[in-house]
Amino acid sequence: MSTYRNLGLFVALAAVWGTAFVAIKAGLDPFAPAPVLFAAVRYDIAGVVMLVYAAVAVDRWIPRGRREWALVGVGGTLMIAGYHAFLFVGEQHTTSAAASIVVSLSPVLTTGFARALLPGQRLTSTGVAGLFLGLAGVIILSNPRPGSLADPASSGVLLVFLAALSFALGTVLTKVIDAPLPIETMEAWSMVLGAAVMHLASVAIGENASAVTVTPTAVFALAYLSLVASAVGFLIYFDLLARLGPIEINLVSYVAPVFAAVTGWAFLGETITATSVAGLLTIFLGFWLLKRERLGRELTRLRGSLRN
């Protein structure tokens, strides 16, 4: 019974995080003069919700000491602020599906950073091939050609790639710091810090907050992103991470683009291109090369649990 529960939660998480890209795209229209502010307000709301949850769910909801606050600092600046600022600006110039596919590169980049920064980690020749295949998937999506960096679509893909890069680096640095802080507490305070950093960034780059139009679409997008994609999504993620482990939960990155593509087509009229499909398959192949042994063991374990 637990296998079906885990599968249901896995699909629910992929749906929530996949459709989040569509909500971002929809909300960016009224927030076009201030996309970073849009991301900041999302985490103003999500941060408060997660702080309340952490205060109720865990014994220690306030970090202690330099290492724990350093952990929050990395999470807030790289995994929340850096990731979402680049993502929201980049998604103005690309489709929901393309953005979600580029973000699916995060597990591949995380492995690359882990091999570089964590002691005792190294990439085999097959792993190197997997890393380069993942990067090749992004190149396929950006469709490079002479002068393409000036093309908004290509620059959008590049910005989303920087978002994935920021998230992957932050993920590995949290392992380097390795402070004994409950994950719920780390996420909650990272969201609060990340929101503050993005507010400062919005002011620093001169975003015109007064030109933002508050529409029902913008309000719905903010509510969905803050309460469903962030708060509920992370609660499902925490539960599955404990039950499935990091390898299987990483696979959600390759299911979420399906939901992003279908809902983007249904609600925003976005097209599902052959280039997007080729990019996703290339990135997934890179992930498989990096994790094929672990994936094989996990699939064997899953088949055994289904028989029992």
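## Report on a predicted all-helix model

The structure holds one salt bridge, a term used here for a side-chain nitrogen of Lys or Arg within 4 Å of a carboxyl oxygen of Asp or Glu. The model is predicted, so local features need pLDDT of at least 70 and side-chain atom pairs count only at pLDDT 80 or more, whereas totals for chains, interfaces and linings use all residues. Residues are numbered from 1 along each chain as its sequence is written, and side-chain values use heavy atoms, with hydrogens and water left out.

The partners in the salt bridge are Glu68 and Arg60, whose closest N and O atoms are 2.8 Å apart. Both Glu68 and Arg60 are buried; buried means under 20% relative accessible area, exposed means over 50%, and partly exposed lies in between (1.4 Å probe, protein chains only).

**Overall fold**

The protein has 12 helices and zero strands. These elements are DSSP runs numbered from the N terminus, with helices (H or I) of at least four residues and strands (E) of at least two. Of the 308 residues, 50% count as buried. The accessible surface comes to about 14200 Å², and 69% of this surface belongs to carbon and sulfur atoms; areas come from the Shrake-Rupley method with a 1.4 Å probe, and for residues only the protein chains shown count as cover. Among contacts (heavy atoms within 4.5 Å) between residues at least 6 apart in sequence, 89% join residues at least 24 apart.

**Nonpolar cores**

A nonpolar core is a set of buried Ala, Val, Leu, Ile, Met, Phe, Trp, Tyr and Cys residues joined through side-chain atoms within 4.5 Å. The largest such core has 63 residues, of which Phe38, Leu87, Phe88, Met198 and Leu225 touch the most other members. Helix H2 (residues 35–57) gives the most to this core, with 10 residues. Another core, of seven residues, lies apart from it and includes Phe10, Leu13, Ile236 and Val252. Leaving aside residues up to four places away in sequence, Phe38 touches Ile24, Gly27, Leu28, Phe31, Phe88, Ala221, Leu222 and Leu225.

**Buried helix and selected positions**

Helix H4 (residues 96–103) is largely enclosed by the rest of the structure, because eight of its eight residues are buried. They are Ser96, Ala97, Ala98, Ala99, Ser100, Ile101, Val102 and Val103.

Individual residues from several parts of the chain are set out below.

| Residue | Relative accessibility | Class |
|---|---|---|
| Ser190 | 1% | buried |
| Gly233 | 0% | buried |
| Trp69 | 40% | partly exposed |
| Leu281 | 55% | exposed |
| Asp178 | 60% | exposed |

Ser190 is found in helix H8. Not counting residues up to four places away in sequence, Ser190 touches Val72, Gly75, Gly76 and Ile80. Gly233 and Ala15 are 218 residues apart in sequence, yet their C-alpha atoms are 9.6 Å apart in space. Asp178 sits in the loop between helix H7 (152–177) and H8. The C-alpha atoms of Asp178 and Arg67 are 8.1 Å apart, while the two residues are 111 apart in sequence.

**Aromatic pairs**

A pair of aromatic rings is described by the distance of the centres and the angle of the planes. Rings of Phe, Tyr and Trp (its six-membered ring) pair if their centres lie within 6.5 Å; planes under 30 degrees apart count as stacked, over 60 as edge-to-face and the rest as tilted. A search of the whole structure finds nine aromatic pairs. One of them joins Trp69 and Trp189 edge-to-face, at 5.6 Å centre to centre with 75° between the planes. This pair links distant parts of the chain, with Trp69 in helix H3 (residues 65–90) and Trp189 in helix H8 (residues 183–204), 120 residues apart. Ring pairs also link Trp17, Phe234 and Tyr237 into a cluster.

**Nonpolar surface patch**

Val258, Val262, Trp265, Ile272, Val277 and Leu281 make a nonpolar surface patch of about 590 Å². Patches are made of residues with over 30% relative accessible area and no salt bridge; like charges are joined within 9 Å, and nonpolar side chains (Val, Leu, Ile, Met, Phe, Trp, Tyr) within 5 Å. Helix H11 (252–268) and helix H12 (274–307) each supply at least two residues of the patch, and H11 gives the most, with three residues. Leu281 lies in helix H12.
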